[in-house]
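Student: I've got a structure open and would like to learn how to read it. Could you walk me through a few features?

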Amino acid sequence: MATFEPVLTKGVGQLDLTDVAAYRKNGGFVALEKALKDMTPESIIAEVTASNLRGRGGAGFPTGKKWGFLPKDGRPRYLVCNCDEAEPGTFKDHMLLEQTPLQLIEGLILSAYAINAAHIVVYIRGEFLEGYRIFMRALSAAREAGYVGDNLLGSGYSADILVHRGAGAYICGEETAMLESIEGKRGEPRLKPPFPANAGLFGMPTVVNNVETLCCIPHILTRGAAWFASIGPPKSPGPKIISVSGQVQKPGNYEIPMGLPAGELLQDYAGGLLPGRTLKAIQPGGGSSAAIFAEDLHTGIDYDSLAAKQTMLGSGGFVVMDDTTCMVRASMTLVRFFEYESCGQCTPCREGGQWVHRILRRLEAGEGSDADLLVLNTINDTLTGTNLCPLGDSIMPFLLSVLRRFPQEFAEHVTLAGCPFDPARRMVAA
Amino acid sequence: MSADRPAASRRMVNVVIDGSALSVPEGTLVVEAAKLAGTSVPVYCYHPKMDPVGLCRICLVEIEKTPKLQIACATRVTEGMVVHTSSERVAQARNGVLEFLLLNHPLDCPICDKGGECDLQDFTMSYGPGLSRLTEPKLHKPKRVDLGPTIVLDEERCILCRRCTRFDDEIAQERNLVVIDRGHRSLIGTSDGGPYRSYFSGNTTEICPVGALTSKAYRFRARPWDLTHADSVCAQCSVGCNFRIDSRFGRIMRTFTRENLEIDDGWICDRGRYTFNYLYEPTRLRRPLMRRGDDLAECSLDDAAALCAEKLGPAARAGRVGVIGGGRLSDEEAFALQAFARQVLGTNNIDYRVHLQKFASPARFGARLIDIDDASLVLMFGAYTPEQAPILDLRLRRAVARHHTQLMYIGPYRPHLPVEAQYVEYTPGAIADLMMQLADTVHQGRTESGDGFVADIARRLAQAEKIIAVHNGRDPASVSALDRLLETLAGYNHRVGVLVVGSQGNARGAEAAGCVPNLGPGYAPCSGEAGMTTGEMLKAAADGALDALFIAGANPALTFADGALARRALENVPFLAVAEQVLTETAALADIVFPTASFAEKRGHVTNLEGRRQAFGQAVEPPVDVLSDAEIIALVARAMGHAESVSPQPAALLAGLVRAESAAERSVGDLLPRAKVDAVQPAAVEKVDATHRTFTIIPVPHLYSGGGAVAHDPGTAPMRPRPYAIVNPEDAARVGVVPGERLTLSGSGGSIDVEARVGPQAPVGVALVLADMPEAPANKLLDASGFGTATISKAASVPEQRSLERVSA
Ligand SMILES: Cc1cc2nc3c(=O)[nH]c(=O)nc-3n(C[C@H](O)[C@H](O)[C@H](O)COP(=O)(O)O)c2cc1C
Ligand code: SF4
Ligand code: SF4
Ligand code: SF4
Ligand code: FES
């Protein structure tokens, strides 16, 4: 059974961490008090850099390095918190927002202090209505307690937090689309460069960080970079919350040390597969990630180990599929999500997505042909790697990984003129 | 190229494109560098006038040492870059993008306006797949969407390159055209769901790379390969945009931009673009007309010329003749008209000015349109460029939006501008005074200390490195006060310049050609005593002191400030000859009407507001009995026995004009001599007694107002405003005016019926009345100052619908 002592989720489920006193008792605001008293912004950035913390939003970019990119040209800077979590199979930020909002607030103020941000904006996914309410209550409590607002703890540093709610677009989780959305425009990714560090929100230098990334900051400052860096592989260390879903005994959010083998997460944390089932595929990093299979269970859950398997840690959404799952149907469901969420700027993403979706839908309905399989097998060359933002490149990875692994399953949909997992059809075929 | 593109510094870098080595300025976009290298990269979303957005992905190229293909439209060259624009990988990517674009494309090329000049057709032929791998029905989207008065949109043909929406945002700064919905369900529409109304809408049909945005005027009318092109210049306003006229079998089908970076930057406005179908309406004059009692009846050209000769001869000998016009003629014809007045009729009674404009040129500090691009401050008064010089306004919008140019508008009512501007409420009669105060304040260096808004403006002027003034040459006092101010600023090393917006398309050309009572061609003082101004001629005609008037391309009955005087003069003068394209209010009062050729039907030159003389070619032949103004003038001159005095030939006329100008150059110094003006000054607008129903009348311009071509053009008809008057909400409440109701405005020269509008742009006590509308001529309410007073009451009658087939008055 799991032995890792939780860091980010410590007390979650036991204490009411939305309460300032309870959060303090749990070790909260120690870092903020220490930092505002004894630490310079530069030393915080140095500490975060030394911790090797990598962004938890998906791309895994080193956080200290990102902060260091901000030009020192006197323009006001902004810190934006990405709480738009909409990646299929991912629900960790949702939990952090609702369960420990003060931890996020502490992380925000610390980060804003480190980069000397003039304003903080938290972009909360529109559907997180309850999370938004909880966060707003926590925010006013923190403000009353003097952790947010003017002249924090007598340090002379002031910071306030502005909350912006999304309106139901996955693409607004992409950082530049998020900036457009906050600016009141259509939420669509910008052409880069310029990067947000140079020209972000309203053209000003901006840092965008994920909720979980920000939640790590207080702990790095209280317990030290060396402690953080010692958890898991040195190049992608730290505690990590994984959202486990799919056909397992105990789906849910689990905080693990980076590098934990996938099999241990599945067995020790999530209770293993359902009785009598065998493993077919796992998406280790949300809907955008390519699948890993039974022989990959020894693979560590961290950025580099998963990258070596041609997939990614991504957002940390761990979706488990067993032998009862139809790969055509699973792919169809995912592709439908991406084609529906495509902002429509890029030709390959906009047109290719809907085409692939229509093909899969037809295959699943028993109306597919060999020509369709040929398209699925070749379209990746023109659909992936040709788009402006990573959404377009997320349409194919899972489909391609299972198409290569289970080609006969796709072919069967053509020869049987239907889905072999459909019980009625199985009888006919037999 | 506009200066704001993250351009290209002067440092050169070496690059290799498809094997050819070249050196280009650092920062050049790969797509532009490829052009220099003699190859071309296909583009859809990229447009050289707009910021790169990198959406369509057709321009992917291979750059050595970069693993992924890169978009040529947004990648900038760096030293040593090696680019391949037609490698195997690039071909595959292009083929892929085209396959995607064609998936659900309707392929209705055979009936598509764009067929033959379509980038989707062309690139598919060059780089695309021959066959579609789509095995299911295409997805459908709305076709024939009525986007607004000028455009029909086919959403199925749209490839979502967004050039149109970006044009409306970046170039027009109007932000009305937008993408609706998301992904492949995206549609082009307007932000408020209403019609797409813009003075610049036609440009989107041109930059649309496919046949999605089609122009109502051109829809299903011709195929590109059937069109004959003629290079022309728009003469609808004084900006002088360059454009091309495309005709088929002798009939104009459409007009098209012809980029001149220094004038139009590749755009034209919708008035310029769409005002040509009036030529094919029944209201277009095709035969000479002669008065028979109350009616005008058709006659032969010779009879018309003979009657002119018979009437003009004695009037000329008696010194009781006048000539009005020039601002709507070519330079050559304006020269011919003044020669006709001076040499054939022997009078200096010639004047092109039939509006409030007194001068069409600045006496000094003449600026160029491109001076707006990097101006720190633009000071506008009198002129109102959004309605009177649209493409100048486009340049100004961009300068304000992109270069932090400050726009300061001084005038009697709040302007409606899409970009940020400072508004200084000032009545025209007081602007001279303001300029003088500003000059004094700047001169005495009091800009730092003083308070009040004069000091505030002076401070802004003092801080502005380059100042461009834009006005309409209406008020001599404010113009000379402006010169004083600019001289003071220039003395403190500010760069200064002036642009005078012409009241007519070729106002400046007419002025330069000598269509004023005291100056001949080239601004040389004319021999003999100065003649009468338009105002003086009309006064004399009304008083019975003139026997004949010859008017070419002018409609004083509608446009002259004192409308009552103009109508009285034209009715009373014993003989009136008018050369016109349609039966205007003025032509309807004539004894002889000559039908004239339009600019598309002749060749010559026009001079724009900068003083730049531009050649325009002939696109189509005029109808049989329709002559150019020069030919008409020459015909009448010959009938009077002066064949040698006026040539009908543009080349000969131009030679004469140029000769006269170079002769004049020796006598005219740096300071351009000023045309003689009437004594009337613009009045200060007086605030009237708040208990009264009497309002001060201020006429307001509109791009589509006027009694000539636009009044008869079916293409511009949907954009034409209905006569209206705007009053302040306070006044509306006080006198009980309800928006939308009919009002009667009664003034000294009669009354007009208009639609009531209520808005804060009208100062209290003022009614802003749409000017130059034949169905409700605002000049009935005005005096020579250009202002007037009128009482407002509810109209008794319902509005009469004006039909295109008008009967003569
Ligand atoms: C389509 C798309 C959706 C994304 N959604 C999220 C999201 O919901 N939450 C998030 O933190 N990052 C999301 N990202 C990643 C962000 O763009 C960005 O990399 C991240 O917020 C940076 O924070 P970090 O450095 O702390 O990871 C998304 C990226 C893409 C391309
Ligand atoms: S890849 Fe897709 S989601 Fe991303 S910008 Fe392009 S069209 Fe939009
Ligand atoms: S209507 Fe034309 S210009 Fe506009 S997005 Fe579609 S294809 Fe592009
Ligand atoms: S701005 Fe003036 S010159 Fe240019 S197209 Fe319009 S009317 Fe013609
Ligand atoms: S032209 Fe380069 S992406 Fe469209």
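Predicted model: local features only at pLDDT ≥ 70, side-chain atom pairs only at ≥ 80, totals over all residues.

Student: Let's start with strands. What holds neighbouring strands of a sheet together?

Tutor: Strands in a sheet pair through backbone hydrogen bonds, and the pairing is either parallel or antiparallel. For a case here, take strand 16 of chain B, residues 321-325. Strand 16 of chain B runs parallel to strand 23 (residues 548-552) of chain B, and 5 bridges join the two. On the strand 23 side, A552(B) is the bridge partner of G325(B).

Student: How many bridges join strand 16 of chain B to strand 17 of chain B?

Tutor: There are 2 bridges, again with the strands running parallel; strand 17 of chain B covers residues 350-351. Look for V323(B), whose bridge partner in strand 17 of chain B is I350(B).

Student: What kind of unit do strand 16, helix 8 and strand 17 of chain B make?

Tutor: A right-handed β-α-β unit, with helix 8 spanning residues 331-344 of chain B.

Student: Is strand 16 of chain B buried or exposed?

Tutor: To judge that, count neighbours: 20 or more other C-beta atoms within 10 Å makes a residue buried, while 12 or fewer makes it exposed. In strand 16 of chain B, 5 of the 5 residues are buried, so the strand is largely enclosed by the rest of the structure. Both faces are covered, with V321(B), V323(B) and G325(B) buried on one side and G322(B) and I324(B) buried on the other.

Student: Now the barrel. In what order do the strands close?

Tutor: For a barrel, follow the pairing from strand to strand. In chain B, 6 strands close in the order 28-32-29-31-30-33, with mixed pairing. From one strand to the next, the twist averages 45 degrees. One of the pairs is strand 28 (residues 694-700) with strand 32 (residues 766-770), parallel over 5 bridges. Within strand 32 of chain B, V769(B) is the bridge partner of P699(B).

Student: And ligands? Which residues come nearest to ligand 1?

Tutor: Start with the nearest residues, then look at the classes in the shell. Of 24 residues around ligand 1, the nearest are G55(A), G57(A), G173(A), N210(A) and T213(A). The shell holds 9 nonpolar, 9 polar and 6 charged residues. Strand 4 (residues 206-210) of chain A gives the largest share, 3 residues. Domain 1 (20-229) and domain 3 (327-429) of chain A each supply at least three residues.

Student: What surrounds ligand 2?

Tutor: Ligand 2 has 14 residues around it, with C343(A), C346(A), C349(A), C389(A) and G392(A) the closest. By class, that shell has 8 nonpolar, 5 polar and 1 charged.

Student: Which residues come nearest to ligand 3?

Tutor: Out of 13 residues around ligand 3, those are C158(B), C161(B), C164(B), C208(B) and A212(B). The ligand 3 shell has 11 nonpolar, no polar and 2 charged residues.

Key:
Residues numbered from 1 in each chain as written. Chains lettered and ligands numbered in written order. Near = placed C-beta within 6 Å. Nonpolar A, V, L, I, M, F, W, Y, C, P; charged D, E, K, R; others polar. Pairing = 2+ DSSP bridges. Helix = DSSP H or I, 4+ residues; strand = E, 2+ residues; numbered from the N terminus. Axes fitted to C-alpha atoms, helices over the stretch in contact; angles between N-to-C directions. Right-handed = clockwise from strand over helix to strand, strands pointing away. Domains from an automatic or database assignment.
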